[in-house]
Amino acid sequence: MMSEEIKQANTVEAKPAGVQPAEVKPAEVKPAEVKPAETKPKKTQKKSDENEIFISPAPHVISPIKTQNLMQNVLLALLPVTVYSVYLYSMAGAVRIVLSIVTAVVSEILFRRILKRDVRIKDFSAVITGLLFALVIPPVLPLWMVILGSAFAVIVGKEFFGGLGSNPFNPALVGRAFLLASFTKPMSGWVGIHSTGMNIVPWTKSAEAVVDSIGSATPLFYANPNTEGVMATLDIAKSLGFDSSFELYTHLFLGQRGGSIGESSIALILIGFLYLLVKRVIDWRTPVAMITTTVLLTTLAGVDPLISLMSGGLVFGAVFMATDYVTSPVTPMGKIFFGIGCGLITAIIRLYSALPEGVMFSILVMNTVVPFLDRIIPRKYGFVKKKKPPKEKAK
Amino acid sequence: MRSFPGGTHPPERKMVAHDSLVQPVLPSSNMVWIPVTQGGRPNQPLVKVGDKVARGQKIAESSEFMSAPVHSSVSGTVKKLEPHLVTGNSDVPCFVIQIDKDEREEFLEPLDPFHCTKEEALARVKEAGIAGMGGASFPAHVKLNPPKGTKIEYVIANGAECEPYLCADAAAMFRYADDIAEGLAITMHITGAHTGIILIEDNKHFLKGELDRALSKQGSLHSTQTFELKIAPTKYPQGGEKNITLAAVGREIPAGGLPAHIGCVVQNVATLRAIAEAFNLGKPLIDRSLTISGGAVVKPINIVAPIGTRVSDLIPQHIALKDGVMKIISGGPMMGFAMKSPEFPIQKNTSGVLFLTKDEVNTEEETSCIGCARCLSVCSCQISPVLIVRSLKANDMDKALYYGLMDCVECGACAYICPARIKLVQHFKIGKAKFRAESQKKAARAAALQAKEGK
């Protein structure tokens, strides 16, 4: 009902009754007036919008930044990571990224067409979902799974709930969770960097061949107390073939390691993070709270904080997934608690579960409590905290 | 520089220089349309059709305290008393007065505000029909007579003029700094405030010299009082009552309260000038300076017009327009009204009239909210606009109130910044009206129940 009223208010159009702005200008007579316009007077009027005065509620001016601009900024922030992942996995990475984006866009268009809804592809939301999904899957995931997961992310994760703005869960992570539950082995098929060459590694068999030959363990695997007990940093470094812990750190920071397609380079993710902060697209609270909590808790459990920080998908998830507008709280304190919650669950999964990584599940779980976190609002203007009344003394 | 949290920066587009001429204008039709009521409770007409009226003659008043009388702004004859289009697109009763050449003038006797009783001074402010010229048209003498139990310490002269395009206040502060400072001193004297503050935004640094001079002059005349110029960052809505008290004295008006509850009186600088003139010249509020601007105006200008002058009667002699007028705004672009035609009279609170083109106005459709939280970060009241809209859509009034529906001042900062183009202010207005209707119903039901039980 409410939106109807607004629509009405917006579409009210009135011609100035007396003085028409077009008449007062000192210019010569307009061609529209010279024409014998009696046959189609309405059409000529609509063509020239000079005589139309619009009425709508204030404010009458609006900031130039639209939803598309915000989304474009997120894409720009993801660009360094994306380019780097193509450098790491060559054709195999590039094909999966393109395929995922195309699938996401096409499935959104098809779904909305079939349901006769307006196609909103211009808001870049599907492109981002497709790209994010591609960046969190293994570089040798069979191509048909990429298509399935990306379509699932957009259709089930987003459109089933009503499209952009209405989905409770992060769509890209919904797609990933679906694949992880359905195809656990291919979804854990990590390969070493630069190992795929120009090979696209399209199907399961070829992937198995590659994984078998060049499969590599991640530091997170060693850092998981469930596997072999927490190892000392130097031991982890040595077992991964490094000479010192410092060398391991640099390799992790610069992204000289395998993993999901886009999560490797901490440095490039941080560049994207800084860009989004400078452009004021995202808020610092959630990522900082999430990373701090995870690192703090795993450190308490004896894991090297820097390894904890730089391995797995923690930084990528905190910067690009936990900050998803639609599925995270809007209030400042809500964002902090959301981050802490994500960090807490990530740490628990990393420390105690059989899964090596918990970033995805932590964010999906916290997505469910967003409406509650949004109840933690800032102090409203004019609501000064009342001083506590002096306690009545007990007898 | 102290300020308020949040706020936004719409493009300023203040296109009239502060030292350029403020053009006196008269309507080309030789007629004025003066609304019978301009702020406060409804007035009763004092003159009939056919009566001759003088410039400054009182033509409408109300016996109620919360009202401001209206005066004729011209010398002429009352031709009609009829409903006419005014700001807000409604038709209200207006005196239609034909201007004659007699130039009869009927001002009040000048009065020394510093040597009369408080009651006399308040009566003068009311008698001169002074109402808030910043936009709300609130009767000025009501503000100067704060509720019992409050003690006024500060008078804040609001010179922020934070709305884009508008620059009439800046021009007035430059030209009539002495009048404004004196109006400030008078207001302080009446309310018993010890400090007077003129607050401007830092985009008006050029006024500092003039205002400092005028304030120190008042300081030397009234040695027991303190006069200060404060400069706040340029940020919309700096000129809002809630924000200006925070910026000027660091105090928050309690929810549902008045500035008087924190010892403040806030008056627009133009209102202060009118107060000074009401005492020094005995002149009621009958002229109004305002900005004529916008992308469709050939030469943006500040004008001073008799109240009741229709904007259409200034076209094209004083307002030359280009092609492509898309919106006519009475007031500023953030809070002003879009008018259906320029045939509306300039009133006591008309701070500007804008003719905007397609390039300047927002014509985009509402899209889905993505929850970017920009509206929370710009809100000067620290409420949660997006959550209010969500609650209203879910028909959850309690939640909407919790998120701050009734604390919203409708400044429009959230709707300005919204990337999804959601008409937040409009949602709030509808929500507020709904809440008021609901509470009225509740009260009526409770009263009926009580009456039943009483029997």
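**Figure 1. A close-up of A:S90 and the residues around it.** Leaving aside neighbours within four places in sequence, A:S90 is in contact (heavy atoms within 4.5 Å) with A:S85, A:T196, A:G197 and A:M198. You'll find A:S90 in helix α5 of chain A, which covers residues 67–114. Helices here are DSSP runs of H or I with at least four residues, strands are runs of E with at least two, and both are numbered from the N terminus. A:S90 has a relative accessible area of 18%, so it counts as buried. The cut-offs, for a 1.4 Å probe and protein chains only, are under 20% for buried, over 50% for exposed, and partly exposed in between. Keep in mind that this is a predicted model, where local features need pLDDT of at least 70, side-chain atom pairs count only at pLDDT 80 or more, and totals for chains, interfaces and linings use all residues. Residues are numbered from 1 along each chain as its sequence is written, chains are lettered from A and ligands numbered from 1 in the order in which they are written, and side-chain values use heavy atoms, with hydrogens and water left out.

**Figure 2. Where α19 and α20 of chain A cross.** Helix α19 (residues 332–352) and helix α20 (residues 359–367) have axes that come within 8 Å and cross at roughly 140 degrees. Those axes are lines fitted to C-alpha atoms over the stretch in contact, with angles from 0 to 180 degrees between N-to-C directions. That makes α19(A) and α20(A) oblique to each other; the other labels are roughly parallel (under 35 degrees), roughly antiparallel (over 145) and roughly perpendicular (65 to 115). On the α19(A) side, the residues that meet α20(A) include A:F337, A:F338 and A:I345. Among their partners in α20(A) are A:F361, A:I363 and A:M366.

**Figure 3. A loop view with B:T37.** B:T37 lies in the loop between β2 (31–35) and β3 (44–45) of chain B. What does B:T37 touch, leaving aside neighbours within four places in sequence? B:P42 and B:N43 are in contact with B:T37. With 29% relative accessibility, B:T37 counts as partly exposed. B:S67 is 30 residues away from B:T37 in sequence, but their C-alpha atoms are 8.5 Å apart in space.

**Figure 4. Helix α9 of chain B and what follows.** α9(B) runs over residues 385–393 and is mostly covered, with seven of its nine residues buried. B:P385, B:V386 and B:L392 are among the buried ones. Just after α9(B), look for B:N395, which takes a positive phi of about 60 degrees.
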